[in-house]
Amino acid sequence: MSGPALTDNRIRQRLFVEGVVQGVGFRPCVYGLALRHHLSGFVGNNSEGVFIEIEGAAATLAAFVRDLRNNPPPLAHIEQITITEMDPSHENGFEIVQSQAQYGANTLISPDLCICDDCLQELQNPADRRYRYPFINCTNCGPRFTIIKDIPYDRLLTTMAAFPMCEACEAEYYDPLNRRFHAQPNACPDCGPQVNYIQGQQQMWRDDAIGHALEALHRGQVVAVKGLGGFHLACDASNDDAVNTLRDRKGRQGKPFAVMVRDVATARQIATVSDAEARLLTSRERPIVLLHKRDNTLSENVTSGNPYVGVMLPYTPLHYLLVERPLVMTSANYSNEPIVKDNDEALAKLSDIADGFLLHDRDIHVHCDDSVIRVLDEVEYPVRRSRGYAPFPVKLPFNVSQVLAVGGELKSTFCLAKGDYAFMSQHIGDMENLETLRAFERAYQHMSTIFRVEPKTIVCDQHPRYLSTQWATRFAAEQDIPLVKVQHHHAHIAGVMAENGVTGPVIGFSYDGTGYGDDGAIWGGEVIIADYMQYERVSHLPYMPLPGGDAAIKNPYRLALAYLWANGITWDDMLPPIMHATSTEKRVLRQQLERNVNVAQTSSMGRLFDVVAALIGVRQEVSYEAQAAIELEALATVTDQIYPFSSIKALLTAIVGDLQIGRPVSCIAGKFHNTVAHHILQISQQIRERQGLNTVALSGGVFQNVTLLQQVRGLLNNHQFNILVHQQVPANDGGLALGQAVIASQLI
Ligand code: ZN
Ligand code: ZN
Ligand code: FE
């Protein structure tokens, strides 16, 4: 036997593979597979994807394609394989051919993914040349998105360009059967990035930097740790003093800190973990998973009374070396600025917060915060979509022209759409200051470069005071391209439609905190009938006074007072928000409301949750967005009872009545959730009867409330509605840009 037999049934096919197929070990995988099946031909990359020519017996070719589909490399994501028949060329052997770089590229870029099992074993193996090396990686794992400066994905166009490979690494890099074949960030202790530890102003250690950092952490100190997409501030999560020090220095009182633990077993000690949650914790995306906290050894101040704790597992080799016990790992930033990513910036901005700095010399090209995910009925429900997910696109149900959608203000992300892909950016932050705007601009430059998108249209919110709107207006003028302004709640509903591949029309519930309405009022309790082209506002919560705008949002007790006043309900001194306000405050607020000075009007459902939370004594002042609603949700017990909801007056009167007869607040909270769920069912039924629509879309920040969402889903399911909820982008404003992009692409 010598080589494949030249028989008549020998055929040749050209395969073209699209998706995430570059920088993920795709060609070596194809190479190995072709050798196993004794096929001849070649494989190569171009900027559109991977091309393969294979030749052999028909049945073997079919088996090859089946194996490729079923067992692609771990990081690959095959979107499509196109097969064309060719004439056999009767060549022998199989090879990997040179890349054919082209511009106008359409290849997808892999997100940053966690260390793989093979690399983890090497990290822990004293005999391995990369034993305890914090930057170990291979084609199946490691940094991608945050180190890529441009395409094609090649070491010289990443921040690894500064580290020429040693001979041993190079040998792996050029060996098609090696796990590190063409692994662009390939490195070892001899040639790759290094860590160092800086304590105080001058002391610096290169040797055993991690040992020094560990010692500081175990002493209860705060250490700034440079990771994959930016810096974390770390401290021992079971040390009260350490956690309190971090809170004091960061000036962050209420908002819970995320915790990194070694493994699922440790996660189970601090929280309840379902099977679905365990799968998510150990997934290669390694998000922060919001879990129900247990009473345990974790410092109480990690979550400050919040019933959930955000938990993640280590995702870089560096983290594996560092996380011996549960650590607080919170994004390192100064005030409300974006996450810090550079060494100089960290030393300058975090010196008042951190006692020590664990630095390394591999640059982070773009920042990328940790993602945050909840599990809803076994399925992922994103709260923040960032590291591990960005820049993987959302697939659209139609083709779009090149669009840039800039999102909203809080929890901002942007979207670049092209073809049938919507590339959602990493989490940018609250666009309320110049630093965040700069981070947005940098992220935009980066993503438009690596995906070769040149926006023909730019889309923003209607809110005139959003920084994003102002930036979009300037950008459109500079580039001389059309600017489209999209109503906030229409964008929310269009977003959930798009990721579900539905074109509508649908019954859309956009239950939200704040959104600029067509009439200038603050909307947020909106029911719209919508498709991508247009929407009709068919129902909304009645307008209520919002005295002093932000002052009311940060102080739910002031909101409660305003809502009671507007509905003619007495300010009874026994009610928690009335007790909380000083008599001067009450007098001034009453005057403000009566004279209607600086009082906005709002139909927001988010505000109604705040009012109820204050009214029953759950929370009077908040230190982060949606805090009152989150605590109200956590308290709610399941009940069949509902409140009358013909008007806000009827609702609030009934709640006050329940308080007066001493009904437990957990029961009132549960009853309120059930009331809102039934309200949604009732309106949906009315609209179905009138208009024949059967699909209900649920979006807006209020639907981060999983208790509410589960109840609504249950009710709508029982009544045979088709229900759309978010799975890929958050229901809050972090998903807004997706809706903006699809609406604009339909309008032009
Ligand atoms: Zn690996
Ligand atoms: Zn090396
Ligand atoms: Fe919103």
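Domain 2 and domain 4 touch: 6 residues of domain 2 are in contact with 6 residues of domain 4. The model behind this picture is predicted. To place the two partners, look at the whole protein. It is divided into four parts: domain 1 (10-96), domain 2 (195-372), domain 3 (393-499 + 733-747) and domain 4 (544-674). Domain 3 is written as two stretches of the chain, 393-499 and 733-747. The C-alpha centres of domain 2 and domain 4 lie 36 Å apart.

Now go back to the interface. The size of an interface is often given as the accessible area lost when the parts come together. For domain 2 and domain 4, the area buried between them is about 490 Å². Carbon and sulfur atoms account for 61% of that area. On the side of domain 2 that touches domain 4, there are 3 nonpolar, 2 polar and 1 charged residues. What links cross the interface? The count is 2 residue pairs in polar contact between domain 2 and domain 4. Salt bridges across this interface number 0.

Next, turn to the metal. Which residues hold the iron ion (ligand 3)? H488 and H492 each coordinate the iron ion through NE2.

One pair links distant parts of the chain: H492 sits in helix α13 (residues 488-499), and D512 sits in strand β22 (residues 506-516). H492 and D512 are 20 residues apart.

Notes. Residues are numbered from 1 along each chain as its sequence is written. Chains are lettered from A and ligands numbered from 1 in the order in which they are written. This is a predicted model: local features need pLDDT of at least 70, side-chain atom pairs count only at pLDDT 80 or more; totals for chains, interfaces and linings use all residues. Side-chain values use heavy atoms; hydrogens and water are left out. Domain bounds come from an automatic or database domain assignment. Contact means heavy atoms within 4.5 Å. Buried area is the accessible area (1.4 Å probe) that two parts lose on being put together, summed over both. A salt bridge is a side-chain nitrogen of Lys or Arg within 4 Å of a carboxyl oxygen of Asp or Glu. A polar contact is a pair of N or O atoms within 3.5 Å; within protein, one must be able to donate a hydrogen and the other to accept it, and residues adjacent in sequence count only if both atoms are side-chain atoms. Ala, Val, Leu, Ile, Met, Phe, Trp, Tyr, Cys and Pro count as nonpolar, Asp, Glu, Lys and Arg as charged, and the others, Gly among them, as polar. Donors are N, O and S atoms within 2.8 Å of the metal (3.2 Å for Na, K and Ca); water is not among the atoms, so sites may look incomplete. Helices (H or I, at least four residues) and strands (E, at least two) are DSSP runs, numbered from the N terminus.
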